[in-house]
Amino acid sequence: MKTLTGELPHDTDVVVVGGGNAGFSAAHAAADRGRRVVLLERAPQELAGGNSYYTAGATRIVHEGLDDLLDFVEPDERHARTTVPPYSAAEYRADLAKVTGDRNDPRMTELLARDSSATIRWLAGKGVRYRLMYERQAYEREDGGFLFWGGLHVGNVDGGIGLITDHTRIAEAEGVDIRYGHRVTGFLGDGPVSGVRYETEDGTSGELRAESVIVTAGGFEANATMREEYLGTGWANAKVRGTPYNTGELLLAALDLGAARGGDWSTCHSVAWDAFAAHNESNRELTNRLTRGGYPLGIVVNADGGRFVDEGADFRNYTYAKYGRDILRQPGSIAFQIFDATTRPLLRAEEYDMPGVSVVRADSLDELARGIDVDPAKLVATVKEFNESIEDGPFDPTVKDGKRAAVTPPKSNWSAAIDRAPFYAYPVTCGVTFTFGGLKGDDDGRVLREDGSVVTGLFAAGEALGGLFSGNYAGGSGLAAGMVFGRRAGSVA
């Protein structure tokens, strides 16, 4: 991977601010049109990639089933034994409406669903590598076949690390001028925007003039002060899952220009996250492996030994991004995922066999409770009540099996008795991924004012473009939105 050195030009056609999936998608689209593109990345090269680097690479797209994916996913001998249910645009729209409580922008949702398939093929044609996500989105059945679930089937080869590696290689071949360690401090002009001001790692400041500026520098999730202000009391305690450089200053700078807020500034994407692992923030080595997404197969208790969420309300893809918030509200902002010898083997190895994973293993529930400093009598009572309330029926993690536990709160699916030693407890806290509020844009990401007029020369994409998400999130829709709206902005900037 090369690093461009030398003096930055004084002007260009398009400046892209932020080197994640959305930023590179915008850069590719602008380069396709013969535009001169400079991409300014705040992080040094060894820490670049934005939040995209830390993801598993899962990308939610519309498709018609396995045969419709084989033209761009990597070959795999398991394909012959695999069932991938189709995922329609109508399902995509319905899923985003469901998880957000109809607070998603309908037009943005329509564009995302409509463009997702063509856009992923556009990137694949450039050399971004994709595969079916067996280890995350499918279970092997008794007949040796695989069934995918949850509307999310495709991901990047080598996850987010592979995604950024591919994007960077492609952009360099396109002639995109990538500059690392360049922090954009503001915009030139007060509308129209005519470029950016920046500072380099060595303290040098400068200006870069451009016809268009595309902001893809993320939200404010890495800014504890802004989290407390916009998300609420206690959010400073959340662990930052991804890049430490998404601190929201450019969102505020755009608002100062008269830009309108887009989406929900009061909520965010937050997950169950390893509470005690060493270096459990912005970990470039383990990235997404610190997530703990196996809770639908067990129960989750707080420090008082009580359950507080419906672990089986839906597939993990539709609940994991809101349960971090619920954990943050518990005593000490901590909880424990509980499994036994029956359910533990079903957990994803990439997460639950992670090097340095936080876990307590015990041969009895009493011993397990003492190991996590929970009152043994309370934990035993919680598990007993749960076990005794489980309704009859087959247990099948590949479908919403309706195997319910009639407790408060209920567990709506995948209820299996926790009664076979050894027992396992995984301590989790709240890991914040990205904030849902951003700038308001039109179909192509042109930033808008409250009166609907355009802030000329200013675009937004990725997590900087608000409107799609509120309160919750459908897994894989973030990377999909980044590539779709990044491409749309780069195609007109």
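Let's start at the interface. Domain 1 and domain 2 bury about 3,300 Å² between them, and 53% of that is on carbon and sulfur atoms. Buried area here is the accessible area, taken with a 1.4 Å probe, that two parts lose on being put together, summed over both. The size of an interface is often given in just this way, as accessible area lost when the parts come together.

A word on the model. It is predicted: local features need pLDDT of at least 70, side-chain atom pairs count only at pLDDT 80 or more, and totals for chains, interfaces and linings use all residues. Numbering runs from 1 along each chain as its sequence is written, and side-chain values use heavy atoms, with hydrogens and water left out.

Now, which residues make up the two domains? Domain 1 is 12-266 + 435-492, and domain 2 is 268-431. These bounds come from an automatic or database domain assignment. The contact between them takes 41 residues from domain 1 and 35 residues from domain 2. Contact means heavy atoms within 4.5 Å. The C-alpha centres of the two domains lie 30 Å apart.

What holds charge across this interface? Side chains of opposite charge can pair when their charged atoms come close. The rule finds 4 salt bridges across the interface of domain 1 and domain 2. A salt bridge is a side-chain nitrogen of Lys or Arg within 4 Å of a carboxyl oxygen of Asp or Glu. Take Glu350 and Arg136: they form a salt bridge, with the closest N and O atoms 2.4 Å apart.

On the domain 1 side, the elements giving two or more residues to the contact are α3 (89-100), α5 (134-137) and β12 (239-240). Helices (H or I, at least four residues) and strands (E, at least two) are DSSP runs, numbered from the N terminus. By class, that side has 20 nonpolar, 12 polar and 9 charged residues. Nonpolar covers Ala, Val, Leu, Ile, Met, Phe, Trp, Tyr, Cys and Pro; charged covers Asp, Glu, Lys and Arg; the others, Gly among them, are polar.

Next, the whole protein. The salt bridge count comes to 39. One pairs Arg36 with Asp11, at 3.2 Å from N to O. That pair links distant parts of the chain, 25 residues apart: Arg36 sits in the loop between α1 (21-32) and β2 (37-41), Asp11 in strand β1 (residues 11-17).

Now the backbone. A cis peptide bond joins Gly191 and Pro192, with omega about 15 degrees. Pro192 is in the loop between β9 (182-188) and β10 (195-200). Thr408 to Pro409 is also cis, with omega near -10 degrees. Pro409 lies in the loop between α12 (376-388) and β18 (423-435).

Last stop, His279. Its phi is near 55 degrees, a positive value in a residue other than glycine. His279 lies in the loop between β14 (268-274) and β15 (299-302).
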